[in-house]
Amino acid sequence: MSCAAAKETAPMVHSSAKPDATVNPCTLCAPLGAALATAGVRGAIPLLHGAQGCATYIRRYLISHFREPMDVASSSFGEAQTVFGGEDNLGRALDNVLAQYHPELVTVATTCLAETIGDDVPLLLNRYRTRTGNALPLVHAATPSYKDGHVEGFHAMVYALVKGLACNQGAPSRAVNLLPPLVSPADLRHLREIVAGFDVAAIVLPDYADRLDGVILDRYRALPDGGTRLVDIASMPRALASIDLTLTGRAPRASKLLAERGAPARVLGLPIGVRATDVMIESLSELTGAGRPAWLVGERGRLLDAYADGHKYVFGASVGLYGDPEFVAALAGFLLEIGARPVFCATGARNRALPEALASLPAGSVDEVLDDTDFESIGAACERHKPDLLMGSSKGYRLAHALGIPLLRVGFPIHDRLGAGRILHVGYRGTTRLFDELVNALLQGRQDASPVGFSYL
Ligand code: SF4
């Protein structure tokens, strides 16, 4: 049997065991995901129940990626609250947030400290409502970061928003619910544009595109415009259907709840690559009865033309993938359709959905899958598989630098480059951009490694 044939039939290795200590985690804090999901609702502000440092870290992390202001309130635990519980602080924090921000919605996510001492947040919020008579919507998601990461926190908050707010009964609406994972503002805008191409309204939850990639303002606004309106979230059960682009793993699925309330769900992969985008386009066409708009047909054709132009530069290239499960699964499919090899697929999320999604690819497509992993283990995977290129967040930069291979920055977080919010990954258009960047990163690596240099290909 030839080496190539042996590779084709080799079973995919699934590694979830890692050393006792996490070294440089490949995931972030669960309330961070909840705060980001909150930014996708108009007039909403996230409040973290716990220590103040958690809110400060999360704000800094999000601002460094999106380069936009991001307010995150805190109930600011001290020693007394750590021992006796944080009810008084939570009440004071809510009073302050309502007085200063005049929000339409406050979400409350729990930090490790509040989860560890076992504060019963739903009970505390009920007592606050009874005591103050305030009817403002308060949505709570439990986000223990010692158990989950930002991906689960994001999905937990989206589920809580649907559970608490999407309960409007009435006539069916000609809208499609879109439930994206953590993608860029450019992706959110393009997803909206694709749905609008089928002459239906898109209710995207969450939609932080305009809040976290906004226009320049002449004065600070605590709650910038943008985000999904509460009235639209309320109407989600009456939509034609929900298109769910997430791999929630252990977190509950918001689209399943919406299906129970009236809007049937279609769970698809993130539309990166021709095949995955085709699936979404065909779904929209079936749901709406409308044909593909001409501009999408044109973008698909230009993407195929780009593949024809560049396939000789990427065919056989080995790529190490890491990041959020939805991105890793979608990028693996994209790499396979351009003839590159995703030699390992890694995520810090404890998410069985990633190995399951990758198992549906042709046998031998991926050599190794790592979940619940860290960059120490990803470094060891690089030693085993010797990729030509890494694709993932900027957290892999040190590794790529040490290995002397290019890093193509995708997903979240990207802290060492400008314009993370403007990176378009999805649809035919986003895939074309990604393909160009991938080819050019490989060419740059080959040029840099050449002892004589070359300038024509
Ligand atoms: S203590 Fe927990 S909630 Fe706070 S920043 Fe650290 S991981 Fe996040």
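**Close-up views of a predicted model**

View 1. Glu337 is found in helix H15, where helices (H or I, at least four residues) and strands (E, at least two) are DSSP runs numbered from the N terminus. The structure is a predicted model, in which local features need pLDDT of at least 70, side-chain atom pairs count only at pLDDT 80 or more, and totals for chains, interfaces and linings use all residues. Residues are numbered from 1 along each chain as its sequence is written, and side-chain values use heavy atoms, with hydrogens and water left out. Glu337 has a relative accessible area of 19% and is therefore buried (buried means under 20% relative accessible area, exposed over 50%, and partly exposed in between, with a 1.4 Å probe and protein chains only). Leaving aside residues up to four places away in sequence, Glu337 touches Gly273, Val274, Arg275 and Tyr307; contact means heavy atoms within 4.5 Å. Thr116 lies 46 Å from Glu337, C-alpha to C-alpha, and the two are 221 residues apart in sequence.

**View 2. Helix H14 and its packing.** Helix H14 covers residues 294-314, 21 residues in total, and spans 29 Å from its first C-alpha to its last, close to the 30 Å expected at 1.5 Å a residue. The expected span of a helix is 1.5 Å times one less than its number of residues. A kink of about 40° is centred on Ala308; the bend at a residue is the angle between axes fitted to the seven residues ending there and the seven starting there. Among the buried residues of H14 are Leu296, Glu299, Leu303 and Tyr307. The buried residues of H14 pack against helices H9 (185-196), H13 (274-288), H15 (325-337) and H19 (427-449). After H14 comes Gly316, with a positive phi near 85°.

**View 3. An open sheet of four strands.** The strands are arranged in the order S3-S2-S4-S5, with parallel pairing; two strands pair if DSSP finds at least two bridges between them. Strands S3 (73-74) and S5 (138-141) stand at the edges with a single partner strand each, so one side of each has no neighbour in the sheet. Strands of a sheet pair through backbone hydrogen bonds, either parallel or antiparallel. Strand S4 (residues 105-110) and S5 run parallel and are joined by four bridges. Ala109 stands opposite Ala141 in S5.

**View 4. Helices lying across the sheet.** Helix H5 (residues 87-101) lies across strands S2 (44-49), S3, S4 and S5, and runs at about 160° to S2. Helix H8 (residues 150-165) lies across S4 and S5, at about 140° to S5. Axes are lines fitted to C-alpha atoms, for helices over the stretch in contact, and angles run from 0 to 180 degrees between N-to-C directions.

**View 5. Aromatic pairs.** Five aromatic pairs are found in a search of the whole structure; rings of Phe, Tyr and Trp (its six-membered ring) pair if their centres lie within 6.5 Å, and planes under 30 degrees apart count as stacked, over 60 as edge-to-face and the rest as tilted. Tyr57 and Tyr61 form an edge-to-face pair, 5.4 Å centre to centre with 65° between the planes. These two residues are separated by about one helical turn because they are four residues apart in helix H3 (residues 52-66). Tyr57 is partly exposed at 30% relative accessibility, whereas Tyr61 is buried at 12%. The rings of Tyr322 and Phe375 have centres 5.2 Å apart and planes at 80°, so this pair is edge-to-face. The pair links distant parts of the chain, 53 residues apart, with Tyr322 in strand S10 (residues 318-322) and Phe375 in helix H17 (residues 375-385). Both Tyr322 and Phe375 are buried.
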